[in-house]
Number of protein chains: 2
Amino acid sequence: MSSPLRLGIAGLGTVGAGVVKIVRQKAALLSARSGRMVEITAVSARNRDKDRGVPLDSYAWEDDPVALAKRDDVDVFIELMGGSDGPAKAATEAALKAGKDVVTANKALLAHHGQALAELAEANGCVLRFEAAVAGGIPIIKSLTEGLAGNEIKRVMGVMNGTCNYILTRMEATGQGYEALFAEADKLGYLEADPNLDVGGIDAGHKLSLLSAIAFGTQVDFDGVELEGIQRVALEDIRQAADMGYRIKLLGVARMTGRGLEQSMAPCLVPANSPLGQLEGGTNMVVVEGDQVGQVVLRGAGAGEGPTASAVMGDVMDIARGLRMTTFGQPATTLVKSTSARAAAPAAYYLRMALMDKPGALAKVATVLGEAGVSIYRMRQYDHVDNSAPVLIVTHKTTRATLDEALTRMGSTGVLSSDPVALRIEEV
Amino acid sequence: MSSPLRLGIAGLGTVGAGVVKIVRQKAALLSARSGRMVEITAVSARNRDKDRGVPLDSYAWEDDPVALAKRDDVDVFIELMGGSDGPAKAATEAALKAGKDVVTANKALLAHHGQALAELAEANGCVLRFEAAVAGGIPIIKSLTEGLAGNEIKRVMGVMNGTCNYILTRMEATGQGYEALFAEADKLGYLEADPNLDVGGIDAGHKLSLLSAIAFGTQVDFDGVELEGIQRVALEDIRQAADMGYRIKLLGVARMTGRGLEQSMAPCLVPANSPLGQLEGGTNMVVVEGDQVGQVVLRGAGAGEGPTASAVMGDVMDIARGLRMTTFGQPATTLVKSTSARAAAPAAYYLRMALMDKPGALAKVATVLGEAGVSIYRMRQYDHVDNSAPVLIVTHKTTRATLDEALTRMGSTGVLSSDPVALRIEEV
C-alpha cells in the first residue's frame with residue numbers, strides 16, 4: 001500500500017465537519033477503494049474553540065489557512081472557507097505554489113479566478129478540483145469532464161440553487177407570494193448572508209460559468225452570464241405558466257452559438273412534464289446535451305453536509321487513486337477566451353404587463369410588438385383592478401434583442417403602469 | 001504532446017461504427033481534451049465486405065479478433081462483439097495478456113467472467129473498463145466508482161432495459177396487452193435475437209450485477225440476481241397500479257443486508273410521481289443511494305449508436321488522459337465473495353389472483369394469508385368472468401419468504417384458477 005494521503009482542511013463549517021466525519025468513520029472503506037490511507041493532518045478555521053461535533057484534537061491547528069496550505073505534512077489542501085477573494089484565494093494560491101493539490105467547494109472563487117488558478121495549478125503540476133462547487137452531491141463535474149468527453153456539448157442546463165427552487169415550488173404549492181416564501185426560506189436558514197447571492201441568481205450563475213468552461217473549452221467567464229433573479233416572478237406568472245403546461249424555474253442555460261457563448265441564469269418556463277419541470281424543492285438538476293449521448297439528466301441534493309462532503313471526497317479519492325485530471329477538462333492554457341453572446345438563440349417568451357385603463361392601450365401593445373417584429377402566439381387581458389389590467393402574452397420565437405427593443409418602445413407609449421416581466425420559454 | 005493512443009476495434013455493428021465516426025470526426029476535440037491524438041489502427045468484424053457507412057480503408061483489417069487484440073500497434077482493445085463467451089472472451093483475455101487496456105460494452109461477458117477478467121487485467125497492469133455495458137450513455141459506472149467513492153452505498157436501483165420500459169409504458173398509454181406490445185417492439189427491432197434477454201430481465205440483470213460489485217465491493221455475482229421477466233405483467237396490473245398511484249417498472253434493486261447481498265431484477269411498483277415512475281419509453285435511469293449523498297438519479301438513453309459510443313469514448317478518453325482506474329472500484333483481488341440473500345428486505349406486495357367461482361374462496365385466500373403472517377392492507381374482488389374472479393391484494397410489509405410460503409399454501413387450497421402474480425412495491 002502506498003503512503004497515506006494527508007489532507008489539510010481550511011474551513012470547518014457544515015461541509016468541513018462532514019468531511020472530517022467521513023475520513024474518520026470510513027477509513028477502511030476509503031483505503032480499500034483507493035489503495036492507501038486517507039488521513040487528516042491539519043485543520044484551520046476562524047474559531048478554534050467552537051464545538052463542531054467532531055473531535056479535532058489529533059490534528060494540528062493553524063489559525064492561518066495560508067500556513068496550513070504550505071505545511072509539509074499536507075498533500076491536499078481542502079478549501080472550504082468560501083468567498084471569492086481574501087483568505088480562500090490566498091490560501092489556494094499558496095497551496096498550489098507549494099505543490100499541493102487543491103480540492104475546493106468554492107464556486108465564487110473559481111467563477112472569478114478559475115482561469116488563473118487552473119493555470120497556476122498546471123504550472124506547478126498540481127490538480128485543482130471542484131466537484132462540490134456545482135450542484136452539491138451530483139457528480140456533474142466528473143460526468144461532464146470525463147464521462148462525456150467524447151461528445152461535442154450542445155447545451156448545458158441546470159437548476160442549481162435549491163433555495164430559489166424551494167421558493168418557486170412553494171409559491172405554486174401554497175399560493176403564497178414571493179415575499180412570504182422569501183421570509184419562510186429565511187426563517188428556515190436557506191438563504192445566504194447576502195440573499196441576493198441566492199435569489200439574484202449569482203450563486204447559480206457562478207456554477208453555470210464553471211460548467212460552461214468545461215462544456216465548451218472556454219475560459220471561465222462569469223461576467224458573461226446574464227443574470228436575472230426570481231424577485232419579480234409573481235404568483236400570477238406561476239399560475240399562468242401552469243395553465244399552459246409549464247413551470248417556472250431559475251434555469252441556467254449555456255450553449256455555443258454562431259455568435260459566441262451564450263450563458264444565462266434567469267427564471268424560465270419549462271414544460272411541466274419534463275424532468276426539469278418536475279423538480280421540487282431544494283433538489284438540483286443538471287441536464288447535459290451532447291451530440292452523441294443526447295440528453296443526460298443528473299439529479300440530487302444540491303447542498304447540505306453529507307452531499308457536499310460526498311463531492312469533496314470524490315475529488316479526494318481521485319487524488320488518492322492517482323487519477324489526475326485537468327481543472328476544466330483540458331490544459332488551462334488551451335482554454336479559449338469566448339465571445340459573450342447575449343441570448344442569441346431565438347425563443348418564445350412569456351410576457352406579463354400591467355396596462356393602464358386607457359382606450360386603445362391593448363391595441364397599442366399589440367401594434368408595438370408587431371412593428372418590432374415580435375409575433376404574438378396568444379394574448380389574454382384580465383379585468384382592470386385599480387386602473388391597471390394584467391395582460392399576458394406568449395410570443396412566437398424571437399430573439400431577445402428584438403423583444404427588448406419592442407419592450408423599450410412600449411415603455412414610451414405611456415400605456416404600461418409598471419415594467420413588463422419577460423420570461424424565456426426554454427425547450428427542454 | 002504524448003504519442004498517439006492507438007485503438008483496435010473488434011465488432012463493427014452500430015456501436016463500433018459510432019466509435020469510428022467519433023474518432024474520425026472529432027479528432028481535434030479529443031486531442032484538445034486528452035493532450036494526445038486518439039486514432040484507430042486496426043479493426044475486425046465478421047464480414048469485411050459489409051458497408052458500414054464509415055470508411056475503414058485506412059485501418060488494418062483482422063479477420064480474427066484475437067489477432068487484433070495482440071497487435072503491436074494497438075494500445076487499447078475495444079471489444080464490441082458481444083456474447084459472454086467465444087471470440088469476445090478469447091480476444092479480451094488475449095488483449096489483457098498482451099498488456100493492452102480493454103474497453104468493452106459487453107455486459108454478458110463481465111456478468112459471467114468479470115472477476116477473472118478484472119484480476120487478469122490487474123495482474124498485467126492493464127485497465128478494463130465498461131461504461132458502455134450499463135445504461136448506455138449514462139455515465140453511471142464512473143459516477144458510482146469515482147464520483148461517489150466517499151459513500152457507503154445503501155441501495156442501487158435501475159430501469160436498465162429500454163425495451164421492457166417501452167413495452168410497459170406503451171401498455172399503459174395504449175391499453176393494449178403485453179402480447180401486442182411485444183409484437184410491436186419486435187417489429188421496431190427493439191428486441192435481442194433471443195428476446196428473453198430483454199423481457200426475461202437477463203440483460204438488465206447482467207447490468208445490475210456489475211453495479212452491485214462496484215457499490216458493495218463484492219465479486220460480480222450474476223447468479224445471485226433473482227430474475228423475473230415482464231411476461232406475466234397484465235394490463236390489469238398496470239391499471240390497478242395506476243389507480244393506487246404507482247407504475248410498474250422492470251426494476252433492478254441491489255442492497256447489502258444483514259444476511260448478504262440482495263439483488264433482484266423484477267417488475268415492481270414504484271410511486272408514479274417519483275423519477276423512476278415518470279420514466280417513459282426506452283430511456284434508462286439509475287438511482288444510487290449513498291449514506292452521505294442521499295439519492296442521486298441519472299437518466300439518459302440506454303442504447304443506440306451515439307449514446308453507447310459516447311460511453312465507449314468516455315473510457316477511451318480516460319485511458320488517453322492517463323486516468324487508470326480499477327475495474328470495479330478497488331483491486332479485484334480484494335473484492336469479497338458475497339452471500340446471496342434472496343429478497344431479504346421486507347416490502348409490501350401487490351398480488352393478483354384468479355379465484356374460482358366457489359363459495360368461501362375469498363375467505364380461504366384471506367385465511368391462508370393471515371395464517372402465514374401476511375397482513376392485508378387492501379383487497380378488491382371483481383365480478384366473475386368465465387368462472388374466475390380477479391382478486392387484487394396489497395399486503396402490509398412482509399418478507400418474500402413469508403409471502404412465498406403463503407402462496408404455496410394457497411396453491412393447495414384449490415380455489416385459484418391460475419398462478420398468482422406477486423409484485424414488490426419498492427419504496428423509492
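These legends go with close-up views of a predicted model.

**View 1. The open sheet of chain A.** Six strands line up here in the order β3-β2-β1-β4-β5-β6, and their pairing is parallel. At the edges sit β3 (60-62) and β6 (128-129), each with a single partner strand, so one side of each has no neighbour in the sheet. Helix α12 (residues 305-320) packs on this sheet and touches β1, β2, β4, β5 and β6. The direction of α12 makes about 160° with that of β5(A).

**View 2. Strand β1 of chain A and its partners.** Take a look at β1 (residues 5-10): 5 of its 6 residues are buried, so the rest of the structure largely encloses this strand. On one pairing, β1(A) runs parallel to β2 (residues 38-44), with 6 bridges joining them. A:Arg6 has A:Glu39 of β2(A) as its bridge partner. β1(A) also pairs with β4(A), again in the parallel sense, over 4 bridges. There, A:Leu7 stands opposite A:Val76.

**View 3. Helix α4 of chain A and what covers it.** This helix (residues 86-97) has 12 residues and reaches 17 Å from first C-alpha to last, close to the 16 Å expected. Which residues of α4(A) are buried? They are A:Ala88, A:Ala91, A:Thr92, A:Ala94, A:Ala95 and A:Leu96. Their cover includes α3 (65-70), β4 (76-79), β5 (101-104) and α5 (107-123) of chain A.

Notes
Residues are numbered from 1 along each chain as its sequence is written. Chains are lettered from A and ligands numbered from 1 in the order in which they are written. This is a predicted model: local features need pLDDT of at least 70, side-chain atom pairs count only at pLDDT 80 or more; totals for chains, interfaces and linings use all residues. Side-chain values use heavy atoms; hydrogens and water are left out. Helices (H or I, at least four residues) and strands (E, at least two) are DSSP runs, numbered from the N terminus. The expected span of a helix is 1.5 Å times one less than its number of residues. Buried means under 20% relative accessible area, exposed over 50%, partly exposed in between (1.4 Å probe, protein chains only). Contact means heavy atoms within 4.5 Å. Two strands pair if DSSP finds at least two bridges between them. Axes are lines fitted to C-alpha atoms, for helices over the stretch in contact, and angles run from 0 to 180 degrees between N-to-C directions.
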